Amino acid sequence: MKIHEKYIKRSIELAKNGEGLTYPNPMVGSVIVFDGKIIGEGWHKKAGEPHAEVNAINSVKDKSLLKKATIYVSLEPCSHFGKTPPCANLIVEKGIKKVVIGCLDPNIKVAGRGVKILQDNGCEVTLGVLEEECKELNKRFFMFHIKKRPYIFLKWAETKDGFIDKLRTKESENTPNWISNEYSQQLAHKLRATEQAILVGTNTALNDNPTLNTRSWFGENPVRVVLDKSLKIPKEQNLLDGSIKTIVFSEVKQNSDSYKNVIFERIDFSKNVPQQICEVVYKYNLQSLIVEGGKQTLQSFIDANLWDEAQVFVGSSEFKEGLQAPKIKKAPIETIKVSTDALCVYRNK
C-alpha cells in the first residue's frame with residue numbers, strides 16, 4: 001500500500017496545477033508506472049480539454065508498456081460522455097489491467113460507474129488510497145455534489161484591537177480603510193482567483209466602492225454577488241459597471257435590461273438569507289463562494305453555521321474604536337505570519 005500512496009500523492013501534486021482552471025470539473029492527476037518507474041503523467045488542465053488519464057496515457061512514449069503498467073488516478077475515472085469521452089473506457093481500450101484510485105467521484109453521473117466499467121472488463125481496481133487527501137483536493141466539488149451548495153470561505157481583515165472598519169464620516173465614505181499589508185492583499189486576490197464567486201453586503205459596496213477583481217494576482221475574476229435589499233447601490237458604482245458578471249440579491253423587483261452583465265434575484269430578507277444565497281449560487285453552478293463583507297453579512301453566515309473555512313488577516317494597526325470584527329467561536333487551526341500581518345485560518349468541521 002505504501003507504494004500506492006507514493007504515486008497517488010504524486011497524482012495529487014499534479015492535479016493542483018489545475019487549481020481555479022477546471023470548473024465545473026474537479027482537479028485530477030494521473031501517473032502511469034511500469035517496473036517501478038513513472039512512464040507517464042498528466043492532469044486535467046481545463047474544462048472541455050482532455051482529462052488527466054488521457055494526458056497521462058498520451059505522454060507514454062512506448063505504448064506497448066501500457067498493458068503491463070499500473071495507472072494511478074486521484075479521482076475515479078469518468079464513465080459518461082461529456083465534452084470528452086469516458087476515461088474508464090479509454091483505460092480498458094488501452095489494455096491497462098491495474099488501476100489505483102484515490103476516491104470515488106460524488107457526481108451522480110459517475111459515482112461508482114467508472115469502477116464498475118473497469119471491473120467488468122477485467123481490471124484489478126484498488127480504491128481508497130489517500131482517500132481523505134483526495135477528497136480534500138476537491139473539497140469544493142464534493143460539497144457542491146453532496147450538500148448541493150457552494151464551498152464557503154469567510155474572509156476579512158481586522159486590526160490588532162479587533163476592528164474591521166473605522167467610524168465612518170461623510171468625508172470617509174467611498175474609501176476603504178486598509179488594515180492588511182500589500183502581501184496579505186495579494187493572498188486575498190489569490191483566493192479570488194481560485195474561487196468562483198465573491199459576496200459583499202450593501203454597506204461594504206457603498207462605503208468602499210470595491211471592484212472585487214483579481215488585479216493583484218493572475219487568474220479569472222470571480223462572479224460578484226451583492227446584497228442590496230432596497231436597491232440603494234447607484235448604477236455608477238464599480239460593482240454594477242458590467243465588467244464582471246454580477247448577481248444582485250434584493251427584495252425589490254428590478255429589470256436588468258438597462259444593466260450590462262448584471263442579474264437581479266429576489267429573496268425574502270425576513271428568512272434565512274445565507275441559505276437563500278447558497279441556493280441561488282448553486283443554481284448558477286458556482287462551486288465556491290467567498291464572503292468578504294461587511295460584518296453583518298459575515299456574521300449572518302457564522303450564525304447560520306454556513307461556512308467551511310475562514311481566512312482572517314490581523315494587521316498591526318489599531319483603530320481604538322469603530323466597527324468590531326465578526327466573532328468565530330473556534331480557535332484557528334493555523335496562524336501564518338505575512339510580514340507585519342498574521343493570517344489566522346479556521347475550519348468548520
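So, which residues touch the most other members in the largest nonpolar core? They are Ile8, Ile32 and Leu118, in a core of 42 residues. The biggest share of this core, five residues, is supplied by helix α1 (residues 2-15). By nonpolar core I mean a set of buried Ala, Val, Leu, Ile, Met, Phe, Trp, Tyr and Cys residues joined through side-chain atoms within 4.5 Å. Buried is under 20% relative accessible area, exposed is over 50%, and partly exposed is in between, with a 1.4 Å probe and protein chains only. Helices (H or I, at least four residues) and strands (E, at least two) are DSSP runs, numbered from the N terminus.

Before going on, a word on the source. This is a predicted model, where local features need pLDDT of at least 70 and side-chain atom pairs count only at pLDDT 80 or more, while totals for chains, interfaces and linings use all residues. Residues are numbered from 1 along each chain as its sequence is written, and side-chain values use heavy atoms, with hydrogens and water left out.

Back to Ile8. What is Ile8 in contact with, leaving aside its neighbours within four places in sequence? The list is Tyr72, Val73, Val100, Ile101, Gly102, Val129, Leu130 and Cys134, where contact means heavy atoms within 4.5 Å. Apart from that core there's another, of 33 residues, and its members include Val281, Leu286, Val312 and Cys344. As a general point, nonpolar side chains in soluble globular proteins tend to be buried together.

Now the whole chain. We have 349 residues, and 53% of them count as buried. Along the principal axes, the C-alpha atoms fill a box of roughly 75 × 45 × 30 Å. And if you take the contacts with a separation of 6 or more, 68% of them are between residues 24 or more positions apart.

Let's zoom in on strand β10 (residues 246-250). Why is β10 largely enclosed by the rest of the structure? Because five of its five residues are buried. Thr246, Val248 and Ser250 are on one side, Ile247 and Phe249 on the other, and both faces are covered.

Strands pair if DSSP finds at least two bridges between them. Strand β9 (residues 223-227) pairs with β10 in the parallel sense over four bridges, and Leu227 stands opposite Phe249. Strand β11 (residues 262-266) is also parallel to β10, over five bridges, with Ile247 opposite Ile263.

Next, helix α6 (residues 139-146). Seven of its eight residues are buried, including Lys139, Arg140 and Phe144. After α6 comes Lys148, with a positive phi near 60 degrees.

Last, two loop residues. Asn107 sits between β4 (98-103) and α4 (113-120). Is Asn107 buried or exposed? Asn107 is buried, at 14% relative accessible area. Beyond its sequence neighbours within four places, Asn107 is in contact with Phe141 and His145, and both of those are buried residues of α6.

Ser216 is in the loop between α8 (202-208) and β9. With 30% relative accessibility, Ser216 counts as partly exposed. Leaving aside neighbours within four places in sequence, Ser216 is in contact with Gln186 and His189.
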